[in-house]
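Work through the exercises below with the structure in view. Try each task before you read its solution.

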Amino acid sequence: MSYDKVEVPEEGQKITVADEETGELDVPENPIIPIIHGDGIGTDVGPAAQKVLDAAAEATGRSISWMRVYAGESAREKYDENLPDDTVDAIKEFNIAIKGPLTTPVGSGFRSLNVALRKKLDLYANVRPTYHLDGVPSPVKHPEKMDMVTFRENTEDVYAGIEWEAGTDEVEKVKAFVEDEMGYDSTIHDGPVGIGIKPITEFGSKRLVREAIDYAIENDRPSVTLVHKGNIMKFTEAAFRDWGYEVAEEEYDQTITEDELWEEYDGERPEDKIVVKDRIADNMLQQLLTRTDQYDVIATMNLNGDYMSDAAGAQIGGLGIAPGANFGTARCLAEPVHGSAPKYAGQDKVNPTAMILSGRLMLEYMGWADAGQLVRDAVEETISSGDVTYDLHRQIEGGNKLATSEFADAIVENIEKLS
Ligand code: NAP
């Protein structure tokens with residue numbers, strides 16, 4: 001494929017799909033990896049992450065040929081559009097990429113480019129590991145109890161973008177349909193109304209829950225929790241829960257329910273079994289604080305997953321730390337949980353850890369687990385020695401407050417020491 005708006009580096013090879021069915025990748029020793037630096041603080045954390053990932057690749061005998069692709073402000077400046085087709089096509093062609101945050105205007109203006117990218121690339125699982133690194137300050141007493149991976153469905157729910165603005169002909173049509181034809185008369189208050197649709201499909205729910213259970217099996221995790229608000233939204237959120245249990249029961253021998261755990265095993269989980277349980281979302285948010293270590297892998301819908309992973313991120317040091325990645329079939333787009341924090345943009349101030357650890361997820365997906373582990377160890381070593389950015393510095397006594405770029409340099413030094 002040739003591109004007008006992307007320059008493919010001369011060095012490096014393409015990551016290809018070795019097996020379409022299993023999604024197995026063929027990763028060369030010098031892969032070409034597309035990167036979107038992103039808006040706001042993306043211009044700070046993007047280059048910092050590149051530097052650290054380069055060092056980890058080099059320390060494990062490989063290299064990365066970065067390919068800049070554009071979205072958001074940088075794409076508007078260069079090409080006068082928010083999300084060039086070339087950006088989407090390049091990520092499709094090269095299979096694995098990493099991005100910084102992209103700004104979404106509230107209310108009016110363009111729709112989320114993050115959501116658009118996830119939909120266009122069919123990146124149906126947003127995966128957010130939340131674990132505590134030694135030395136990272138936390139608002140809770142036992143942050144080390146948090147070791148959870150959230151699988152958030154990425155393509156459905158109220159995030160699907162099916163909504164109509166108050167005062168438009170479309171919204172009036174939908175309102176009339178809902179009231180006159182579907183029998184919800186007097187349910188919607190009179191006057192201006194905005195309406196959105198919340199699609200939750202069997203297909204979308206099951207493939208997400210499958211990913212979560214597969215992950216639990218591969219990583220020896222004891223449980224998968226389906227988080228939903230099914231007591232109120234019976235045909236969407238409760239359906240997600242039911243389809244989740246169905247997948248577990250029909251497709252996996254290794255799973256048992258919480259009832260089976262008590263009835264058949266007296267509460268003692270056999271090592272080869274994974275307990276599939278469910279929790280109502282509001283309860284789950286308090287359980288994160290009160291029974292943190294009882295949760296391992298979470299499977300949930302788009303909106304719940306968004307709220308929950310930020311809240312969980314706060315327990316292990318905040319958004320500057322929390323990594324994430326979007327997965328599809330044989331495709332990965334890594335990205336931090338945080339946004340573009342415009343007030344800090346370009347100040348060389350914020351914490352690049354979230355972006356760096358998102359890169360670690362990408363390395364692991366590529367099969368470079370050794371490089372990924374090195375990144376994690378070097379970040380931990382740096383932070384626990386007291387070298388931190390402003391966000392962690394304000395929470396600890398002493399410590400050495402570093403700029404984004406200095407912090408990345410300190411991690412690179414530790415990669416060199418540890419390798
Ligand atoms: P945000 O950009 O995540 O920032 C909220 C606060 O979190 C910051 O003010 C800062 O807190 C802290 N923070 C975030 N990133 C940090 C980092 N790397 N290091 C240290 N602290 C960090 O959330 P927002 O202000 O709600 O959203 C801003 C824009 O980002 C919006 O346009 C939103 O749509 C977009 N967004 C994009 C993504 C994405 O691209 N995936 C995700 C979320 C939001 P303190 O000021 O307290 O230090």
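**Exercise 1: A residue in a loop**

Val140 sits in the loop that links β6 (125-131) and β7 (147-153). Strands here are DSSP runs of E with at least two residues, helices are runs of H or I with at least four, and both are numbered from the N terminus. The model is predicted: local features need pLDDT of at least 70, side-chain atom pairs count only at pLDDT 80 or more, and totals for chains, interfaces and linings use all residues. Residues are numbered from 1 along each chain as its sequence is written, and side-chain values use heavy atoms, with hydrogens and water left out.

Task: Is Val140 buried, exposed or partly exposed?

Solution. 
- Take the cut-offs: buried is under 20% relative accessible area, exposed is over 50%, and partly exposed is in between (1.4 Å probe, protein chains only).
- Val140 has a relative accessible area of 23%, so Val140 is partly exposed.
- Now look for contacts, meaning heavy atoms within 4.5 Å. Leaving aside neighbours within four places in sequence, Val140 contacts Leu289 and Gln315.

**Exercise 2: A residue in a strand**

Task: Which side chains make polar contacts with the side chain of Asn326?

Solution. 
- Locate Asn326 in strand β14 (residues 325-328).
- Its relative accessible area is 0%, so Asn326 is buried.
- Apply the rule for a polar contact: a pair of N or O atoms within 3.5 Å; within protein, one must be able to donate a hydrogen and the other to accept it, and residues adjacent in sequence count only if both atoms are side-chain atoms.
- The side chain of Asn126 meets that of Asn326 at 2.5 Å.

**Exercise 3: An annotated residue**

Task: Where does Asp306 lie, and which residues is Asp306 in contact with?

Solution. 
- Start from the record: an unreviewed UniProt entry marks Asp306 as "binding site". UniProt positions follow the numbering used here, feature names are shortened, and annotations may be inferred rather than shown by experiment.
- Asp306 belongs to helix α10 (residues 302-315).
- Its relative accessibility is 22%, so Asp306 counts as partly exposed.
- Setting aside neighbours within four places in sequence, Asp306 contacts Arg128, Arg152 and Tyr159.
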